[in-house]
Structures are given as structure tokens and as C-alpha cells.
2 protein chains.
Amino acid sequence: MIQPFDDTYFMQQALKEAQLAFNKNEVPVGAVIVLDNKIIARAHNLTELLTDVTAHAEMQVFTAAASYLGSKYLQKCTLYVTLEPCCMCAGAAFWTQISKVVYGASDEKRGFKEHKIPLHPKTKVASGILKDDCSALLLKFFENQRKLK
Amino acid sequence: MIQPFDDTYFMQQALKEAQLAFNKNEVPVGAVIVLDNKIIARAHNLTELLTDVTAHAEMQVFTAAASYLGSKYLQKCTLYVTLEPCCMCAGAAFWTQISKVVYGASDEKRGFKEHKIPLHPKTKVASGILKDDCSALLLKFFENQRKLK
């Protein structure tokens with residue numbers, strides 16, 4: 001049974017965002033930011049709709065959380081994101097000084113770990129939460145894309 | 001004598017943007033994007049005004065150029081920016097597939113070169129254009145900040 005307020009619960013919320021991206025024909029990545037067990041921002045990838053490569057879920061959720069808090073820094077917050085952040089998003093995470101980054105599926109090609117992008121020294125990282133669900137949605141998306149070609 | 005339409009000319013335009021940031025008490029970094037010798041987007045750092053660490057000059061100028069072109073990709077464009085891009089901005093540059101990145105001053109601590117952030121294989125890089133002017137404005141800013149403390 002899923003307990004509310006644990007990593008699985010919040011990753012499920014990020015997955016709901018990823019599903020919204022999927023429904024819009026966007027690469028299905030979703031993210032939420034949590035402060036004191038409360039979701040303060042939600043976003044999903046919108047690079048196609050906005051015609052903007054910077055519109056990754058993480059970038060938008062950082063902006064939304066900062067706007068909610070009235071603070072550039074997210075030092076007491078946790079990011080939940082369905083896919084390992086890319087270099088851009090990890091670079092942004094660095095600047096936010098976010099407390100924790102939790103991601104679902106790994107991205108061995110474009111993920112920040114492969115490229116050794118530094119996060120802030122105070123940022124903890126956890127991974128693999130609901131990774132099969134996170135990956136399955138991405139695989140389904142790319143399979144559909146191939147069928148359309 | 002400065003010739004229009006060379007790297008020095010366009011870096012001067014980026015410096016004008018950096019000066020606008022300086023006037024707003026923002027870290028003075030400015031950027032322009034050029035296509036076929038024409039500036040199609042201008043931006044300067046607005047992280048304080050927007051309370052958003054993602055509001056670096058480069059991120060905004062990528063979004064503005066993509067909006068102008070109606071294309072996520074900036075394959076025939078050149079970015080001129082007064083300071084070496086950070087990991088976040090270099091990561092964004094990767095996704096844009098931009099043709100060329102020209103920066104003024106180096107950033108040995110936070111710059112993408114130090115962290116070996118990959119740009120797109122098709123992206124050329126040039127540096128050091130008006131680097132003394134670009135650095136001088138940054139140094140003046142941080143000197144003023146220290147005086148205020």
C-alpha cells in the first residue's frame with residue numbers, strides 16, 4: 001500500500017505530470033517540487049508546445065516554485081522528476097541550491113551523472129523511484145513516434 | 001575602427017545588454033543572437049528581478065530567438081554572450097543545436113569548459129572577444145556589491 005508523503009507518493013504525482021505531457025505529444029517527463037510534505041509546484045515538458053528547448057519539466061518547476069516562495073533559492077525543497085535531469089536541468093538545480101533531487105528512470109546518454117555535472121554541495125540525490133513506470137511511459141512515447149514515421 | 005557585422009560589433013551589442021543588467025543591479029551579463037548578420041534576440045541577466053535562477057541572459061535569449069524563428073532549433077545562429085556560459089546555459093545551448101557560441105570573459109569557476117559540458121557536435125566556440133570590457137563590468141559590479149555589505 002502506498003503511504004502518502006513518501007517518495008513513491010510524490011513520484012506518482014510527477015508521473016501524473018508526465019502523463020499530461022504524453023497526452024500533448026510531448027516527451028513525457030513530469031516534475032513536482034515538495035516543501036514540508038506539500039507540493040508547491042508541478043510541471044511537465046512543453047518543448048514542442050512552446051517551441052522552446054528550455055521548457056523541460058524541471059526548468060518550469062524551478063521557476064514555478066521560486067515564484068510561489070518569492071525566493072530564488074529552494075534550499076528546503078525536494079524535486080521529484082520522472083527522468084534523470086539533463087546537463088541543463090542539473091545546472092539549474094545547482095543554482096537553486098535545492099535540498100534533494102529524486103528521479104525515476106536513468107538517462108545514460110543525456111543524464112547529468114554521465115557528464116558529471118556538479119549539483120550544489122548541499123543537494124542530496126536519490127534515484128530509481130518508480131523507475132519502471134517512468135521508463136514505460138517514455139518507451140511508449142518513442143514507440144508511438146516511430147510508428148508515425 | 002570597428003567594422004559592423006564582425007564578432008567585436010556583436011559583442012558590443014551583448015555588452016550593451018550587460019550594461020542594462022548592471023543598471024538594474026543584476027550580475028551584468030548580456031547576450032544577443034545573430035542570424036545572417038542580423039540580431040534576432042537580445043537579453044540580459046534578470047535573476048534578481050524575476051526571482052528566478054534560470055533567468056540567465058543566455059536562457060532568455062534562446063527562448064526569444066526560438067520564438068522569433070518559430071523553431072526550437074537555432075542551427076544557423078550565433079550566440080554572443082559577455083561571460084562564458086555556465087553548465088545550465090551550455091546544456092541549453094546543446095539542445096538548441098546552435099551553430100556558434102562566442103563569449104567574452106572566461107568563468108573559470110562556473111564556466112562550462114571547466115566542467116567539460118558537451119555542446120552539440122556542430123557547435124563552434126570562440127572566446128576572448130572584448131574580454132577586458134566584459135570582465136571590467138563584472139568586476140565593477142562585484143566591487144560595488146562588496147561596498148554595500
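How many residues of chain A are in contact with chain B, and with how many residues there? The count is 27 residues of chain A against 27 residues of chain B. Contact here means heavy atoms within 4.5 Å.

Some ground rules. This is a predicted model, where local features need pLDDT of at least 70, side-chain atom pairs count only at pLDDT 80 or more, and totals for chains, interfaces and linings use all residues. Residues are numbered from 1 along each chain as its sequence is written, chains are lettered from A and ligands numbered from 1 in the order in which they are written, and side-chain values use heavy atoms, with hydrogens and water left out.

Start with one chain. Chain A has four helices and five strands. Those are DSSP runs numbered from the N terminus: helices are H or I with at least four residues, strands are E with at least two. Along the sequence, the order is α-β-β-α-β-α-β-β-α. The C-alpha atoms of chain A fill a box of roughly 45 × 35 × 30 Å along the principal axes.

Now a pairing inside the chain. The side chains of A:Glu17 and A:Arg42 form a salt bridge, at 4.0 Å from N to O. A:Glu17 sits in helix 1 (residues 7-23) and A:Arg42 in strand 2 (residues 38-44) of chain A, so the pair ties together parts 25 residues apart in sequence. The term salt bridge means a side-chain nitrogen of Lys or Arg within 4 Å of a carboxyl oxygen of Asp or Glu. Over all chains, the count is three salt bridges.

Back to the interface. Chain A and chain B bury about 2200 Å² between them, and 73% of that is on carbon and sulfur atoms. A:Val53, A:Lys72 and A:Trp95 supply 30% of the area that chain A buries against chain B, more than any other three residues. Buried area is the accessible area (1.4 Å probe) that two parts lose on being put together, summed over both.

What about charges? Between chain A and chain B there are two salt bridges. In one of them, A:Glu48 meets B:Lys72 through their side chains, 2.7 Å from N to O. On the side of chain A that touches chain B, helix 2 (57-69) and helix 3 (87-96) each supply at least two residues. Helix 3 of chain A gives the largest share, seven residues.

Last, symmetry. A rotation of 180° with 0.0 Å of shift along its axis superposes chain A on chain B, RMSD 0.0 Å. The two copies are thus related as by a two-fold rotation axis. In chain A, A:Met88 has the C-alpha nearest the axis, 2.0 Å from it.

Methods. Least-squares fit on C-alpha atoms with pLDDT ≥ 70 in both.
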